[in-house]
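Keep the structure open beside you as you read.

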Amino acid sequence: ATAREAGFEVADDDQGPLDVLWTWSADDSNRELRERTPVVSQLEGIEVLSWKSHLARLCAEVSFPVLPTVVFESTVAVRRWAESEFRTSGEVWILKDALANSGAGLWIVSRRNWRVVLARLAAHDGALEADELGTEYVAQKYVAFPRLWKDTRRKFHWRVYAVLRACGDVLVYRRAFAHVASALYESGSRDFPAKVHITNVAQNVGDPSFLGYPIVDLPSEEPRLWDQVCRQVVGLCAQASGYLAAPAPGHFAHLGVDFLEDDRGGLWVLEVNAPPCMGSQSERGGEDDEAVDLLFVPQVRDMFSALLAPECQKHLGGWINVQQVTPLAATASRRFRRAVDWRH
(Lines give C-alpha, C1' and ligand atoms only; values in the text may rest on other atoms or scores of the structure.)
Protein backbone atom coordinates (compact mmCIF):
# COMPACT_ATOMS: atom_id res chain seq x y z
CA ALA A 1 0.00 0.00 0.00
CA THR A 2 2.85 2.39 0.83
CA ALA A 3 4.53 1.63 -2.49
CA ARG A 4 1.31 2.41 -4.37
CA GLU A 5 0.95 5.68 -2.44
CA ALA A 6 4.44 6.59 -3.66
CA GLY A 7 3.37 6.04 -7.29
CA PHE A 8 4.68 2.50 -7.85
CA GLU A 9 2.79 -0.46 -9.27
CA VAL A 10 3.40 -3.84 -7.62
CA ALA A 11 4.56 -6.36 -10.25
CA ASP A 12 2.83 -9.74 -10.47
CA ASP A 13 6.10 -11.45 -11.35
CA ASP A 14 9.80 -10.67 -11.72
CA GLN A 15 10.13 -11.47 -15.41
CA GLY A 16 9.91 -7.95 -16.78
CA PRO A 17 12.08 -4.93 -15.98
CA LEU A 18 11.66 -3.68 -12.42
CA ASP A 19 12.33 -0.26 -10.93
CA VAL A 20 12.56 -1.58 -7.35
CA LEU A 21 13.13 -5.01 -5.81
CA TRP A 22 12.06 -5.25 -2.17
CA THR A 23 13.75 -8.33 -0.73
CA TRP A 24 15.04 -9.71 2.55
CA SER A 25 18.10 -11.40 1.06
CA ALA A 26 20.87 -10.70 -1.43
CA ASP A 27 22.39 -14.01 -2.47
CA ASP A 28 22.85 -16.27 -5.48
CA SER A 29 19.14 -17.10 -5.61
CA ASN A 30 18.25 -13.57 -6.75
CA ARG A 31 21.59 -12.33 -8.09
CA GLU A 32 20.49 -12.00 -11.74
CA LEU A 33 17.36 -10.11 -10.74
CA ARG A 34 19.30 -7.75 -8.46
CA GLU A 35 21.91 -7.04 -11.13
CA ARG A 36 19.25 -5.77 -13.55
CA THR A 37 17.25 -3.76 -10.99
CA PRO A 38 18.46 -0.22 -10.18
CA VAL A 39 17.06 -0.08 -6.61
CA VAL A 40 17.23 -3.12 -4.30
CA SER A 41 16.48 -3.18 -0.57
CA GLN A 42 19.38 -5.39 0.47
CA LEU A 43 23.17 -5.48 0.18
CA GLU A 44 25.41 -8.49 -0.42
CA GLY A 45 27.30 -9.45 2.73
CA ILE A 46 24.82 -7.85 5.14
CA GLU A 47 25.59 -10.74 7.53
CA VAL A 48 28.60 -8.70 8.67
CA LEU A 49 26.06 -6.62 10.61
CA SER A 50 23.09 -8.92 11.15
CA TRP A 51 24.95 -12.00 12.44
CA LYS A 52 25.85 -11.35 16.06
CA SER A 53 29.19 -13.15 15.76
CA HIS A 54 30.24 -11.12 12.70
CA LEU A 55 29.04 -7.91 14.34
CA ALA A 56 31.21 -8.71 17.36
CA ARG A 57 34.26 -9.09 15.10
CA LEU A 58 33.37 -5.88 13.28
CA CYS A 59 33.08 -3.99 16.58
CA ALA A 60 36.73 -4.78 17.29
CA GLU A 61 37.55 -2.37 14.45
CA VAL A 62 35.38 0.62 15.40
CA SER A 63 36.59 3.77 17.15
CA PHE A 64 33.82 4.05 19.77
CA PRO A 65 33.58 2.02 23.01
CA VAL A 66 31.99 -1.43 22.76
CA LEU A 67 31.14 -4.12 25.28
CA PRO A 68 33.72 -6.88 25.89
CA THR A 69 32.69 -9.84 23.74
CA VAL A 70 33.71 -13.46 23.12
CA VAL A 71 32.74 -15.52 20.04
CA PHE A 72 32.53 -19.34 20.18
CA GLU A 73 32.14 -21.82 17.36
CA SER A 74 30.38 -24.47 19.49
CA THR A 75 28.72 -25.19 22.81
CA VAL A 76 31.86 -27.12 23.77
CA ALA A 77 33.85 -23.90 23.44
CA VAL A 78 31.22 -22.08 25.53
CA ARG A 79 31.60 -24.67 28.30
CA ARG A 80 35.39 -24.35 28.32
CA TRP A 81 35.09 -20.58 28.62
CA ALA A 82 32.45 -20.75 31.38
CA GLU A 83 34.46 -23.22 33.45
CA SER A 84 37.44 -20.87 33.32
CA GLU A 85 35.58 -17.54 33.55
CA PHE A 86 33.38 -18.36 36.52
CA ARG A 87 36.00 -20.15 38.53
CA THR A 88 36.89 -16.79 40.05
CA SER A 89 34.97 -14.04 38.22
CA GLY A 90 31.80 -12.44 39.53
CA GLU A 91 31.02 -10.75 36.20
CA VAL A 92 27.66 -11.20 34.46
CA TRP A 93 27.44 -11.93 30.73
CA ILE A 94 24.64 -12.39 28.23
CA LEU A 95 25.06 -15.40 25.96
CA LYS A 96 23.48 -15.26 22.49
CA ASP A 97 22.81 -17.62 19.62
CA ALA A 98 24.49 -15.69 16.79
CA LEU A 99 21.58 -16.28 14.38
CA ALA A 100 18.55 -16.11 16.69
CA ASN A 101 16.06 -13.24 16.62
CA SER A 102 13.02 -11.89 18.47
CA GLY A 103 14.59 -12.32 21.89
CA ALA A 104 15.11 -16.07 21.45
CA GLY A 105 18.46 -17.74 22.12
CA LEU A 106 19.40 -15.39 24.97
CA TRP A 107 20.73 -16.48 28.36
CA ILE A 108 22.07 -14.28 31.17
CA VAL A 109 24.93 -16.16 32.77
CA SER A 110 27.02 -15.64 35.90
CA ARG A 111 28.99 -17.55 38.49
CA ARG A 112 25.71 -18.38 40.24
CA ASN A 113 23.85 -20.01 37.36
CA TRP A 114 26.31 -20.99 34.62
CA ARG A 115 25.78 -24.74 35.00
CA VAL A 116 22.01 -24.31 34.63
CA VAL A 117 22.51 -22.07 31.59
CA LEU A 118 24.83 -24.58 29.93
CA ALA A 119 22.17 -27.29 30.35
CA ARG A 120 19.62 -24.99 28.66
CA LEU A 121 22.14 -24.18 25.94
CA ALA A 122 22.71 -27.89 25.26
CA ALA A 123 18.95 -28.39 24.90
CA HIS A 124 18.74 -25.40 22.57
CA ASP A 125 21.63 -26.67 20.46
CA GLY A 126 20.05 -30.11 20.24
CA ALA A 127 16.80 -28.61 18.95
CA LEU A 128 18.41 -26.74 16.04
CA GLU A 129 17.41 -27.67 12.51
CA ALA A 130 19.95 -29.32 10.24
CA ASP A 131 20.70 -26.09 8.37
CA GLU A 132 21.36 -24.30 11.68
CA LEU A 133 23.89 -26.78 13.03
CA GLY A 134 27.33 -25.31 13.56
CA THR A 135 25.93 -21.95 14.65
CA GLU A 136 28.23 -19.69 16.60
CA TYR A 137 27.55 -18.21 20.02
CA VAL A 138 28.45 -14.81 21.44
CA ALA A 139 29.03 -13.83 25.07
CA GLN A 140 28.71 -10.09 25.68
CA LYS A 141 29.43 -8.35 28.99
CA TYR A 142 26.13 -7.55 30.69
CA VAL A 143 25.34 -3.92 31.50
CA ALA A 144 24.47 -4.25 35.18
CA PHE A 145 23.36 -0.64 35.70
CA PRO A 146 21.21 0.34 32.71
CA ARG A 147 19.27 3.55 32.32
CA LEU A 148 15.66 2.82 33.29
CA TRP A 149 12.60 3.92 31.34
CA LYS A 150 11.32 7.21 32.76
CA ASP A 151 9.49 6.67 36.07
CA THR A 152 8.69 2.98 35.52
CA ARG A 153 11.98 1.60 36.96
CA ARG A 154 12.09 -0.85 34.06
CA LYS A 155 15.04 -1.75 31.88
CA PHE A 156 14.78 -0.83 28.19
CA HIS A 157 16.79 -0.53 25.00
CA TRP A 158 16.46 1.74 21.98
CA ARG A 159 15.54 0.54 18.48
CA VAL A 160 17.02 3.05 16.04
CA TYR A 161 16.42 2.86 12.29
CA ALA A 162 19.06 3.59 9.67
CA VAL A 163 19.74 3.14 5.97
CA LEU A 164 23.10 2.44 4.36
CA ARG A 165 23.08 3.18 0.63
CA ALA A 166 25.54 1.64 -1.81
CA CYS A 167 26.53 5.17 -2.85
CA GLY A 168 27.82 5.67 0.72
CA ASP A 169 25.02 7.78 2.22
CA VAL A 170 24.10 6.94 5.84
CA LEU A 171 20.60 8.01 6.88
CA VAL A 172 19.20 7.77 10.42
CA TYR A 173 15.49 8.05 11.18
CA ARG A 174 14.75 10.68 13.79
CA ARG A 175 12.06 8.67 15.61
CA ALA A 176 13.07 5.64 17.66
CA PHE A 177 11.09 3.46 19.98
CA ALA A 178 11.90 2.01 23.35
CA HIS A 179 11.72 -1.74 23.98
CA VAL A 180 10.72 -1.86 27.65
CA ALA A 181 10.80 -4.90 29.95
CA SER A 182 7.61 -6.03 31.66
CA ALA A 183 8.78 -5.96 35.31
CA LEU A 184 10.73 -3.70 37.65
CA TYR A 185 14.49 -3.91 37.26
CA GLU A 186 16.62 -5.71 39.83
CA SER A 187 20.24 -6.69 39.33
CA GLY A 188 20.86 -9.22 42.11
CA SER A 189 18.52 -12.13 41.40
CA ARG A 190 19.99 -15.61 40.95
CA ASP A 191 17.87 -16.73 38.00
CA PHE A 192 17.67 -13.42 36.05
CA PRO A 193 13.94 -13.57 35.12
CA ALA A 194 13.35 -12.75 31.45
CA LYS A 195 10.54 -10.26 32.10
CA VAL A 196 13.03 -8.18 34.12
CA HIS A 197 16.16 -8.45 31.98
CA ILE A 198 15.11 -9.24 28.38
CA THR A 199 13.70 -6.14 26.69
CA ASN A 200 12.84 -7.42 23.19
CA VAL A 201 9.24 -6.69 22.20
CA ALA A 202 8.67 -10.30 21.09
CA GLN A 203 9.47 -11.51 24.61
CA ASN A 204 7.27 -8.95 26.38
CA VAL A 205 4.32 -8.32 24.08
CA GLY A 206 2.18 -11.06 25.62
CA ASP A 207 2.65 -9.84 29.19
CA PRO A 208 -0.28 -7.90 30.74
CA SER A 209 2.26 -5.30 31.92
CA PHE A 210 3.62 -4.68 28.40
CA LEU A 211 4.05 -0.92 27.94
CA GLY A 212 3.47 -0.90 24.19
CA TYR A 213 5.61 1.10 21.75
CA PRO A 214 6.90 4.34 23.32
CA ILE A 215 8.14 6.57 20.48
CA VAL A 216 10.74 9.29 20.97
CA ASP A 217 11.90 12.00 18.57
CA LEU A 218 15.61 11.73 19.30
CA PRO A 219 16.96 15.08 17.97
CA SER A 220 14.43 17.14 19.96
CA GLU A 221 13.84 14.97 23.04
CA GLU A 222 17.25 13.26 23.44
CA PRO A 223 19.80 15.49 21.63
CA ARG A 224 22.86 14.11 23.44
CA LEU A 225 21.74 10.55 22.70
CA TRP A 226 21.01 11.48 19.08
CA ASP A 227 24.60 12.66 18.58
CA GLN A 228 25.94 9.42 20.08
CA VAL A 229 23.61 7.28 17.97
CA CYS A 230 24.60 9.01 14.73
CA ARG A 231 28.33 8.66 15.46
CA GLN A 232 28.02 4.98 16.25
CA VAL A 233 25.75 4.16 13.29
CA VAL A 234 28.18 5.92 10.95
CA GLY A 235 31.09 4.10 12.58
CA LEU A 236 29.43 0.71 12.08
CA CYS A 237 28.56 1.47 8.45
CA ALA A 238 32.06 2.76 7.71
CA GLN A 239 33.66 -0.42 9.05
CA ALA A 240 31.10 -2.66 7.36
CA SER A 241 31.46 -1.07 3.91
CA GLY A 242 34.48 -3.14 2.91
CA TYR A 243 32.57 -6.37 3.63
CA LEU A 244 29.50 -5.32 1.63
CA ALA A 245 28.84 -5.22 -2.10
CA ALA A 246 26.20 -3.92 -4.49
CA PRO A 247 26.04 -3.96 -8.30
CA ALA A 248 24.40 -0.50 -8.44
CA PRO A 249 24.58 2.68 -6.32
CA GLY A 250 20.81 2.63 -5.74
CA HIS A 251 20.93 -0.55 -3.67
CA PHE A 252 20.60 -0.12 0.10
CA ALA A 253 20.11 -1.88 3.44
CA HIS A 254 17.44 -0.97 5.98
CA LEU A 255 18.86 -1.41 9.50
CA GLY A 256 17.29 -1.68 12.94
CA VAL A 257 20.11 -0.96 15.38
CA ASP A 258 19.59 -1.82 19.04
CA PHE A 259 21.37 0.30 21.67
CA LEU A 260 21.45 0.08 25.46
CA GLU A 261 22.26 3.09 27.64
CA ASP A 262 23.85 2.72 31.05
CA ASP A 263 23.01 4.94 34.00
CA ARG A 264 26.10 7.09 33.36
CA GLY A 265 25.17 8.01 29.80
CA GLY A 266 27.27 5.37 28.02
CA LEU A 267 25.76 3.95 24.84
CA TRP A 268 26.38 0.35 23.79
CA VAL A 269 25.57 -1.45 20.52
CA LEU A 270 23.68 -4.68 21.16
CA GLU A 271 22.79 -5.94 17.69
CA VAL A 272 21.71 -4.99 14.19
CA ASN A 273 18.61 -6.31 12.40
CA ALA A 274 18.77 -6.10 8.62
CA PRO A 275 16.00 -5.69 7.77
CA PRO A 276 14.11 -4.92 10.98
CA CYS A 277 10.57 -6.08 11.72
CA MET A 278 8.19 -3.34 10.54
CA GLY A 279 4.89 -4.44 12.04
CA SER A 280 3.14 -4.70 15.38
CA GLN A 281 3.68 -7.94 17.28
CA SER A 282 0.86 -7.05 19.65
CA GLU A 283 -2.52 -8.77 19.60
CA ARG A 284 -4.13 -6.02 21.68
CA GLY A 285 -4.70 -3.63 18.76
CA GLY A 286 -5.87 -0.14 19.69
CA GLU A 287 -3.06 2.07 21.02
CA ASP A 288 -0.37 -0.48 20.06
CA ASP A 289 -1.40 -0.46 16.40
CA GLU A 290 -1.76 3.32 16.42
CA ALA A 291 1.75 3.72 17.81
CA VAL A 292 3.19 1.37 15.21
CA ASP A 293 1.38 3.27 12.46
CA LEU A 294 2.92 6.52 13.72
CA LEU A 295 6.41 5.06 13.49
CA PHE A 296 6.47 2.51 10.70
CA VAL A 297 4.13 3.89 8.05
CA PRO A 298 5.77 7.35 7.81
CA GLN A 299 9.21 5.75 7.96
CA VAL A 300 8.56 3.47 4.98
CA ARG A 301 6.72 6.22 3.07
CA ASP A 302 9.63 8.61 3.61
CA MET A 303 12.05 5.85 2.62
CA PHE A 304 10.31 5.44 -0.73
CA SER A 305 10.52 9.18 -1.31
CA ALA A 306 14.11 9.56 -0.12
CA LEU A 307 15.53 6.55 -1.97
CA LEU A 308 13.26 5.85 -4.91
CA ALA A 309 11.68 9.07 -6.14
CA PRO A 310 13.26 11.11 -8.96
CA GLU A 311 15.78 13.65 -7.65
CA CYS A 312 13.41 16.59 -8.14
CA GLN A 313 10.71 14.88 -6.03
CA LYS A 314 12.83 13.56 -3.14
CA HIS A 315 11.60 14.29 0.36
CA LEU A 316 13.59 12.93 3.32
CA GLY A 317 10.79 13.41 5.84
CA GLY A 318 11.97 11.88 9.10
CA TRP A 319 15.21 10.55 7.56
CA ILE A 320 18.36 12.60 8.17
CA ASN A 321 21.42 12.15 5.98
CA VAL A 322 24.08 12.22 8.70
CA GLN A 323 27.26 11.40 6.78
CA GLN A 324 28.77 9.61 3.81
CA VAL A 325 31.07 6.60 4.02
CA THR A 326 33.08 4.84 1.32
CA PRO A 327 30.76 3.80 -1.54
CA LEU A 328 30.33 0.05 -1.97
CA ALA A 329 32.05 -1.84 -4.76
CA ALA A 330 30.42 -4.49 -6.93
CA THR A 331 32.47 -7.12 -5.07
CA ALA A 332 33.33 -7.05 -1.37
CA SER A 333 37.01 -6.42 -0.69
CA ARG A 334 37.07 -8.09 2.74
CA ARG A 335 35.64 -11.25 4.32
CA PHE A 336 35.52 -12.64 7.84
CA ARG A 337 36.87 -16.06 8.70
CA ARG A 338 35.41 -18.05 11.56
CA ALA A 339 37.55 -18.09 14.69
CA VAL A 340 37.55 -20.22 17.82
CA ASP A 341 37.25 -18.43 21.18
CA TRP A 342 37.72 -15.07 19.48
CA ARG A 343 37.37 -12.07 21.79
CA HIS A 344 37.81 -8.34 22.14
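## The largest pocket

Sorted by class, the residues lining the largest pocket comprise 19 nonpolar, 13 polar and 6 charged ones. Please keep in mind that this is a predicted model. The volume of the largest pocket is about 680 Å³.

To find the middle of this pocket, look for W24, N101, N273, A274 and P275, which are the closest to its centre among the 38 lining residues. Several elements contribute two or more residues to the lining: helices α3 (47-50) and α8 (201-204), along with strands β7 (156-165), β9 (175-180) and β12 (267-273).

## The largest cavity

Rolling a probe the size of a water molecule over the atoms shows where empty space is left. In this model there are 4 cavities of 30 Å³ or more. The largest cavity has a volume of about 200 Å³, and I94, K96, K155, T199 and L270 are the closest to its centre out of 18 lining residues.

Which elements give two or more residues to the lining of the largest cavity? They are β4 (93-97), β6 (137-141), β11 (252-261) and β12. The class count for this lining is 8 nonpolar, 5 polar and 5 charged residues.

## The second largest cavity

The second largest cavity has a volume of about 100 Å³. Its lining has 13 residues, and those closest to the centre are L55, A56, T69, Q140 and L270.

Two or more lining residues come from each of α4, β6 and β12. Helix α4 gives the most, with 4 residues. By class, the lining of the second largest cavity splits into 8 nonpolar, 3 polar and 2 charged residues.

## Where α4 meets α10

Helix α4 also has a helical partner. Two packed helices are described by the angle between their axes and the distance between the axes. For α4 (residues 52-59) and α10 (residues 223-240), the angle is about 100° and the axes lie 10 Å apart. The two helices are therefore roughly perpendicular, since angles of 65 to 115 degrees count as such.

On the α4 side, the contact is made by L55, L58 and C59, and on the α10 side by L236, Q239 and A240. This contact has 5 nonpolar residues, 1 polar residue and no charged ones.

Notes. Residues numbered from 1 in each chain as written. Predicted model: local features only at pLDDT ≥ 70, side-chain atom pairs only at ≥ 80, totals over all residues. Heavy atoms only, no water. Axes fitted to C-alpha atoms, helices over the stretch in contact; angles between N-to-C directions. Parallel < 35°, antiparallel > 145°, perpendicular 65-115°, else oblique. Contact = heavy atoms within 4.5 Å. Nonpolar A, V, L, I, M, F, W, Y, C, P; charged D, E, K, R; others polar. 1 Å grid on protein atoms, 1.4 Å probe; cavity = no way out; pocket = protein on both sides within 12 Å on 5 of 7 lines; lining within 4 Å. Points joined across faces, edges and corners; volume = space filled by probe spheres on them.
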